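Good morning, and thank you for making time for this presentation. I would ask you to keep the sequence and the model in view while I speak.

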Amino acid sequence: MRRTLVILFKLTVTTGIIAFVISRLGFENIVETMTMAKVRWLLAALGIFGLSGLLGVLQWKMLLSTKGILLSYWQACKLYFMGMFFNNFIFGFAAGDAVRIAYVKMSNQSGKAGVAATFLDRFAGLLAMMGFAFGGSLFLLNRGLIEGKVLTTAFLALFATFAVFCGILGFLISRRLQKLLFIFIDKFPVPKKEIIRNLVSQTIIEFKDRKSILPVAGLSLFIQFMRIGVHVLCGISLGLVTATNFHYFFIFVPILAILMILPLPFGIKESVGGALFAFAGFKSEAAVVMEFLASLVGILVSSVGGVLFLTHSIVPKRKLQSDEIINSRSALQ
């Protein structure tokens, strides 16, 4: 009942947002803007997003192997695209990652190691996005282009988020910081301390695994560059991208990626993205349409995962139980 109510709530919010956007921008203006989109650029966006997904499979597989989990590329590919499907259609990142972890556990692999590898995979992508955003923000600051309370607040929040991510990275590779955490866990009444200790122990990057940091970092930067490129191509299809506004994509798209951590209904991220680009000088209705097109590209590619979920049996011996997905999702959170 709770899950049904949550889905109904999200559908209601999505319908309300779309109705608000239409009433604010005008249905005719939106339709006119959408008809301006050049199909060849949208097809290029589909191809780029699909390729980034295939490379994402490789990154996740590499991280799984560092935790002792060996999957074939095809197995990892099916699970990864299923996760993308659930990301878009259910509860955001946490649900899609939980599905991947549940299937890894059901294939007689370590559930905790699956949580650790999947967390590192997600963390690497978000850190790469934050790196692009930080670099783009410094570029704007250097040129004196950050003006207004909204943009200033967004950039301050971005800098703070980047600092937090850098702190987490420092913890993952620093034995001293890890020891301090374990001392805190042992001395204070921390709930479920053994579970926390085991998960942290699995997640930290051991010295023997540090040789994988550079390949994963390079791959993650390239993947996220392609994900940003999807938005750029959608903007090009509408004639929005110029040499003077190109850099805004490397700042606003990472902010939207952070929003995807939350299980937000469809339409909120797109509306926020359209508003941010509008503050930067993009035409309002075109900016909103651009973000909806970018999301639709992701939905179309991730629908492959839905087909795989319905037609392929990843683990034939056991039936996937909803409790396992919920437990894996709780571990991620």
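Let me begin with a definition: a charge sits over a ring if NZ of Lys or CZ of Arg is within 6 Å of the ring centre and within 35 degrees of the ring normal. By that rule, R227 sits over the face of F49, 5.0 Å from the ring centre. A second case is R100, which lies over the face of W60 at 4.8 Å from the ring centre.

Some notes on the source are in order. The model is predicted, so local features need pLDDT of at least 70 and side-chain atom pairs count only at pLDDT 80 or more, while totals for chains, interfaces and linings use all residues. Residues are numbered from 1 along each chain as its sequence is written, and side-chain values use heavy atoms, with hydrogens and water left out.

Now to the overall picture. The protein chain has 14 helices and zero strands, where helices (H or I, at least four residues) and strands (E, at least two) are DSSP runs numbered from the N terminus. Of its 333 residues, 47% count as buried; buried means under 20% relative accessible area, exposed over 50%, and partly exposed in between, with a 1.4 Å probe and protein chains only. Taking contact as heavy atoms within 4.5 Å, residues 24 or more positions apart account for 77% of the contacts with a separation of 6 or more.

I turn next to the aromatic rings. Rings of Phe, Tyr and Trp (its six-membered ring) pair if their centres lie within 6.5 Å; planes under 30 degrees apart count as stacked, over 60 as edge-to-face, and the rest as tilted. The whole structure holds 16 such pairs. Why is the pair of F86 and F309 edge-to-face? The ring centres of F86 and F309 are 5.1 Å apart and the planes stand at 85°, so the pair is edge-to-face. Because F86 belongs to helix α4 (residues 73-89) and F309 to helix α13 (residues 284-311), this pair ties together parts 223 residues apart in sequence. F86 is buried at 12% relative accessibility, whereas F309, at 29%, is partly exposed.

The pair of F123 and F165 is stacked, with 5.5 Å between centres and 10° between planes. F123 is buried at 7% relative accessibility, and F165 is buried at 10%. Elsewhere, ring pairs join Y248, F249, F252, F277 and F282 into a cluster.

Several of those names return in the core. A nonpolar core is a set of buried Ala, Val, Leu, Ile, Met, Phe, Trp, Tyr and Cys residues joined through side-chain atoms within 4.5 Å. The largest one has 72 residues, and those touching the most other members are F81, I228, C234, F249, F252, F277 and F282. Helix α6 gives the most to this core, with twelve residues. Leaving aside residues up to four places away in sequence, C234 touches L42, A45, M290, L293, A294 and V297.

Finally, consider S295 in helix α13. Is S295 buried or exposed? With a relative accessible area of 9%, S295 is buried. The side chain of S295 makes a polar contact with the side chain of K269 at 3.3 Å. A polar contact is a pair of N or O atoms within 3.5 Å; within protein, one must be able to donate a hydrogen and the other to accept it, and residues adjacent in sequence count only if both atoms are side-chain atoms.
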